[in-house]
Amino acid sequence: MIHHRKVATMVALLLVFAHSLPAAEPAAKSRNAWQAGVSRVVITPAEPMWMSGYGGRSKLAEGKVHDLWAKAVALKDPTGKTVVFVSTDLITVPIKMVDAVMAEITRKHGIGRSEVMFTCSHTHCGPAVDDMLSYMLDMNDSDWRQVRSYQKTLNANLVGLISAALKDLKPAAVSFGNGRCHFAANRRAPKGIGPYDHDVPVLRIGSVDGKMLRAVVFGYACHNTVMSYYKWSGDYAGFAQLYLEGRHPGVTALFFAGCGADQNPLPRRREELAKKYGRMLGVAVDRVLNSPTTPVSGRIATRFENIELAFDNLPKKSELLEVQKTGSRYKKAWAGNLLKQYDLYGRLLPTYPYPIQSWQIGPKLTWVALGGEVVVDYAVSLKKLLGHHDTDRSVWVAGYSNDVMAYIASERVLEEGGYEGDTSMIYYQKPSKWRTGLEKQIITTVVNLTADNRTQAARPPQLPGELLFDGRTLTGWKKTKFGGEAEVVVRNGQLILETGADMTGITWNRDTPPPEWDYEVTLDVMRVEGHDFFCGLTFQAGKSPCSLILGGWGGGVCGLSSIDGFDASENDTTGYHEFQNGRWYRVRLRVTRQQITAWLDGKEILDQPLKGRKLSIRGEVDLSRPFGLSTWQTTGAVRNLRLRKLTAKEIAPTKK
Ligand SMILES: [Zn+2]
């Protein structure tokens, strides 16, 4: 009997415990909640065309050693946050390509700029693309037409590739590790003496039981320049991917280039060497796959920012006209491009928007992606600053990502000068070398973005309260007929309110009305694209409606609309916040009879006492009553939308 009573008590305790947990999912389900998707597409040009990488090539490609690929891995954390890593056997990542592909991807999948990482292997045996680097080639108009036509197909292929990776998302065991490979050598004089980074970061994507390997992402910091012949080839990075795919049939291997701008595979120029380095790298990856790897857990956080890097010196128009007459083929192309800028803007642009991306994949893995051909000093400093360890917290730094506009020298290399510090700018059609100070600018931004990500990733994935959006359907909601509204769709567990003219939104559509007092709403919101409010949350305070506006009036104004007839831009709650498109913000709104309080990422942004105040809403959001969400000329995404009644203890007035 005693035994039975004990069991009964335990069951009762378990039940109480289970009920007190905020909407906890079954343990088994949440353990397996990470998902991954894999896709690949051949991007070998169908016809002979110009190759990129060396200005001295004098004819079109003649056949292939092996195919060139674009490959993608999508990762989805238990909250639904999804990222896509893209690897390409290309010399560069043209910014025009990224912009075109991202516009489609955002429209189709509601995924923001920070959530996609475009990388390339920097193979010098790939096709010319529609990019500044192609001006170093001796191409005529019809060659350029062919390059642009190839680029169009490539863009469409990348949209298809990313979509396919998202479609392939299924439960997965994701883990990481770090290996070592030693063929990269610092190529600056005196050769082989300067700094290097021999790390081999490895991301393992396996079946959910961990037994079957589906994909492996790996990186290395070394120029992909063993070969300079006229055959399509992924060079050593292509051979490394082939080695791994041969060792593990059915598996997709994806490469990214690290900060290897001043590193070369030495010696080089023989295909046997390209194969050998590929094998060495593949063996290093395999060694990691065969040892214990660190499982990825928790959640994903992403940031992306363009910072303005300044040029050191802007040549005068007269100087450029002179170079056009007397310079080499490369210098003439350079002067011609800069003169086009004079025609277009009446001046040379003094800065360039430099892309910096940082991903936090769970609490332990930081993955930084920098634009341009980045010298190794950046990886060395960032690993030190952000705390890299092989077996615990790891820091990976990809170069050649999201836009390859030039070499990115460190202060040391800039001061030393030479190719990476100065003269390579000609081939990238840039007015001069970078102005000193860029290293600090880049490093500081990476450190700040990463710190923000680490805070975001550490947030508990589960919020308390009843889920108001199930992540799959619009159950419980109706589209708001604002007139001029755009689509409301559910993608990847997110509710997407597309850009309307002017408004798009959803309104409460349930049997029971929303609460009037003493409740809390929490949600994650993101501005996907646009420059106005991406979260207009209309709610009730008693019988009065009111709206919480985030990012209004051109992008940054936050507050309540309206109090005593004054809207969010002109009352006591008015605040300003610089929102990043593509970043999730956690919003919490509490309504009691005493006050309305709101928090953004855990920080209080407004606290409005209600005594003697008259609440109302602006006429535009009348159709959001009694409870609704809306955006203004902006695409917004929502997830984790929850509602919770406050406890008696929470309701007790604590403030004056
Ligand atoms: Zn290069």
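User: Which domains is the protein divided into?
Analyst: Domain 1 covers 32–314 + 350–356 + 366–457, and domain 2 covers 466–651. The bounds come from an automatic or database domain assignment. This is a predicted model: local features need pLDDT of at least 70, side-chain atom pairs count only at pLDDT 80 or more, and totals for chains, interfaces and linings use all residues. Residues are numbered from 1 along each chain as its sequence is written.

User: How many Å separate the centres of domain 1 and domain 2?
Analyst: The separation is 39 Å, taken over C-alpha atoms.

User: And how many residues does the contact take from each?
Analyst: Domain 1 gives 16 residues and domain 2 gives 17 residues. Contact means C-beta atoms, placed from the backbone, within 7 Å.

User: What gives the most on the side of domain 1?
Analyst: Strand S15 does, with 3 residues. Helices (H or I, at least four residues) and strands (E, at least two) are DSSP runs, numbered from the N terminus.

User: New topic. At what angle do H7 and H8 pack?
Analyst: Helix H7 (residues 317–326) and helix H8 (residues 329–345) pack at about 145°, with axes 8 Å apart. Axes are lines fitted to C-alpha atoms, for helices over the stretch in contact, and angles run from 0 to 180 degrees between N-to-C directions.

User: Which residues in H7 meet H8?
Analyst: Lys 317, Leu 320, Val 323 and Gln 324. Their partners in H8 include Ala 335, Leu 339 and Tyr 342.

Note on methods:
Contact = placed C-beta atoms within 7 Å.
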